[in-house]
Amino acid sequence: MKVQITNGMFMAIIINAVYAKAIGLTQGTMAREIGNDIWISTIIATLLSVLLIWSIVVIIKRFPSGDIMDQSKVLLGGWFSKFISLLLFFFFLCSYGVIMITYVYHLMDYFLPEAPAYIFIIIAFIVGCYGAYFGIEVIGRMALIGVFSVLALNILLMLGSLSKFDVYELLPTFQDGITSTIWASRHHVADWAMVAMTVAVILPYVRNPQEWTRSSTAGFLFGGTFIVMWPILEVGVLSSEVTGQYIVSCMQMARSAKIGQFIHRYEMIMIAFFAISILTQIMMCFLCASTVASKIFGLKDYRRMILPVALILSGFGFWIVYDHHRAMELLETAWVYVSLSIAIFITLLLLILGSFMKKKLETKNKENVEHGTGSNNNKKTSSSSGSGNSSNSGNAQTE
Amino acid sequence: MRKKVKFILILSVLVTLLSGCLGKTEINDLGIVMAVGLDKGEEEGSIKVTAQIVRPADARGSTGAPSGQTGEPIWSITASGDSIFEAMRHLGRHSSRRIYWAHNFAVVINEDLAKEGISDIIDFFTRNHQLRMQTLVAVTPDPASEVVSTMTGIEVIPGQAINDLFLFNSLTAAAPQSEIIDLQKTYLNESSQPVLARLSLNTHGISNKEPTSEPTIKQIELAGAGVFKNDKLVGTVKPEDTIGLLFFLENAKSAAVVTPCPDNPEQSMSVELKTANFQVTPTYNNNQVGFDTKLKAVVQLVEAGCPFSISDEKQVKQIEKQIEENLKGKIEKIVELAQKEYKSDFLELGETFKNRYPGEWKKIVANWEDEFTQATLNSKVEVKLTSAALLYLPTKPRNEEEVHR
């Protein structure tokens, strides 16, 4: 029995899976590289990433009853699938490190500087395991709340910052040239790659395959719109020099927000909204990493992998956040290479292989549909299913 | 098995919910700082930090009477150290409460210290998670320790009184509203230089218990601006010249301008700026940097030491011309101070030039200081006197002829 989520939930997951890191850490990194033009770079990255997500949708649509690892198995056999799964596991491991940097440095550096880092890791572990255990539907619902939180956070920040906004700070544009601005967008494309790989795992659980392209594009564009407000405000209020000074530049924005004379210092409210979004991202990362790990070991139920995977991810996350320098090394260099190379490599490889072996995929998909083993064959939708019994393990037809 | 699950569940909930309590400090264990003063320490290279800490029992609002019985809503302490952080930690030696900086209203820096450089101050106050970006920063010719320890203003807490001085600084146009964020922005900028508000202690207060003909109580007042070059204070702007600075940096709306009466120069008239639209347009002709400034202001006459009626067009034109000259003089004076006297681009003209001529900027940025000091200025001021507030006729005794007319 498998669960499906609505297209709205799918869009919400996309938005939550990119928002937290992109608004602060990514902008700081890009500001150090290209100064004022971070908002242009963010827009370019979002548009480029739409191409990536379209490619993923094309790949999954060729074999809608299975995820990208199932498709790999059909294409070149079990070992190839395991190789892809291993690459994806490494991808999600690194992405969890990046998520932990975002999550821990927001909370620890600005709110609880005396709390040890492991406390934050443990909380992420508990919440992540909880979400991953109850599956994509629960996370999808959480993601919907996360989108409202994102909206509330954006509105609160905008209200508190507009009085200090100076549009001339955004000028001149393309100060370091168009090429540099496009090149700097790689940092944000790496964030979107995290979403693309998540989509490659969860897309078969989304209802209405004919809506996949539209909903994923809409998710990317809405997410991009929510995010791009931040670099515009960061440059217009803080200036690019100040934005580039900080690891978590969005927190400097939040700490400077003030509505009128009396409403200020409300960053605790904003961080609560932020936390809902990033906790959704943590759950999603656990779910994807567990699913991928279950494919490596050929398990039918991904839930058996949640604990070991969560332990590995948490251990790595702690190791990363323990040292700020190490964290920044991963964030600004290693992560970009890992993220982009794996995401682009897997996407291109399956896109090309799939185009040569379309018939094989179609035949296998038909078989799955006939046997009722694909995730899309389930008519039970998120609105009617109980989350407790939703064993949305990897697509059983390949086990 | 169920017991184990329950135990893990309870533990998980507790860990999640109680994590916010880590590092907690009860509010009655906190010494909440309202203002900080920074002076040179007695020993060479040391720094003296003075903290104005609120005494909650004696700093009640209107609903509760003071119960601390000390009569002082604040407690000021000072300590020295080789660095700001060390001096702040030394404050803890004689404070029974943990010093808490998150509610600090103002950072006041003594000018002698500022002349030696404030890069460490900028770094410290922008690096620390407790300190806010909207905290006001000012320089003072007086000992900063004295400034932050002085009971001033109508507020119970003097730190808040300093903060509130800046709420209406556009009315007085006597100092810019300089916050930590502004200081950090201009310090990090490749061409702009920091400019901070200047506070001074002057005897303006009169005791209500023992009234005297002359003021005897020292009060903090806005006293112009301190101009920096990189991180060093290089000069000051007088309060009467600050209006020119505010046109460039903030908004001088509602500022007052005094001008002699057209027919009787011994008497004066006061006008208030109702709107002020100020624009700076950079020019670059024959490799010469220039700036055209244009101020369009609408003013209202608020006081006339000589008879004045808004219906007297000749008099209105004359006053408009006088105000135009006055404001043009203020603008030219501040630019001259920046270019010739201090050689510091605290008016952010480089940024304006860069926005308009990004390509040319790259060529001259390395030599900006010279380019800036040699830049030409062409200022235009257009003033419209559109109102004389409530009065229409001149304030003067009517003779019989006028009454019958």
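What share of the contacts in chain B with a separation of 6 or more is accounted for by residues 24 or more positions apart? The share is 70%, where two residues are in contact if their C-beta atoms, placed from the backbone, lie within 7 Å. The model is predicted, with local features requiring pLDDT of at least 70 and side-chain atom pairs counting only at pLDDT 80 or more, while totals for chains, interfaces and linings use all residues. Residues are numbered from 1 along each chain as its sequence is written, and chains are lettered from A and ligands numbered from 1 in the order in which they are written.

Chain B contains 14 helices and 13 strands; helices (H or I, at least four residues) and strands (E, at least two) are DSSP runs, numbered from the N terminus. Along the principal axes, the C-alpha atoms of chain B fill a box of roughly 100 × 65 × 60 Å. Chain B has 405 residues, of which 38% count as buried. A residue is termed buried if 20 or more other C-beta atoms lie within 10 Å of its own, exposed if 12 or fewer, and partly exposed in between, with C-beta atoms placed from the backbone.

The contact between them takes 22 residues from domain 1 of chain B and 24 residues from domain 2 of chain B. On the side of domain 1 of chain B that touches domain 2 of chain B, at least two residues each are supplied by helix 7 (169–172), strand 8 (217–229) and strand 9 (232–237) of chain B. Strand 8 of chain B gives the most to this side, with 5 residues. By class, this side of domain 1 of chain B has 12 nonpolar, 8 polar and 2 charged residues. In this classification Ala, Val, Leu, Ile, Met, Phe, Trp, Tyr, Cys and Pro count as nonpolar, Asp, Glu, Lys and Arg as charged, and the others, Gly among them, as polar.

Strand 8 of chain B also takes part in strand pairing, for which DSSP must find at least two bridges between two strands. Strand 7 (residues 195–205) of chain B runs antiparallel to strand 8 of chain B and is joined to it by 9 bridges. Within this pairing, B:Leu199 has B:Leu222 of strand 8 of chain B as its bridge partner. Strand 8 and strand 9 of chain B are likewise paired in the antiparallel sense, over 5 bridges, and B:Val227 has B:Gly235 of strand 9 of chain B as its bridge partner. The hairpin of strand 8 and strand 9 of chain B has 2 residues between the strands, and B:Asn230 takes a positive phi near 55 degrees there.

A further sheet of chain B is open and comprises 4 strands in the order 10-11-12-13, with mixed pairing. Its edge strands, each pairing on one side only, are strand 10 (256–260) and strand 13 (376–387) of chain B. From one strand to the next the twist averages 35 degrees, angles running from 0 to 180 degrees between N-to-C directions and axes being lines fitted to C-alpha atoms, for helices over the stretch in contact. Strand 10 of chain B pairs with strand 11 (residues 268–285) of chain B in the antiparallel sense over 5 bridges, and B:Val258 stands opposite B:Ser270 in strand 11 of chain B. Helix 10 (residues 313–341) of chain B lies across strand 10, strand 11, strand 12 (288–304) and strand 13 of chain B, and runs at about 145 degrees to strand 13 of chain B.

Between the chains, 18 residues of chain B are in contact with 24 residues of chain A. Helix 1 (2–18), helix 8 (180–188) and helix 11 (349–356) of chain B are the elements giving two or more residues to the side of chain B that touches chain A. Helix 8 of chain B gives the most, with 4 residues. This side of chain B has 6 nonpolar, 9 polar and 3 charged residues.

In chain A, A:Phe316 is placed in helix 14 (residues 306–322). A:Phe316 counts as partly exposed because 17 C-beta neighbours lie inside 10 Å.
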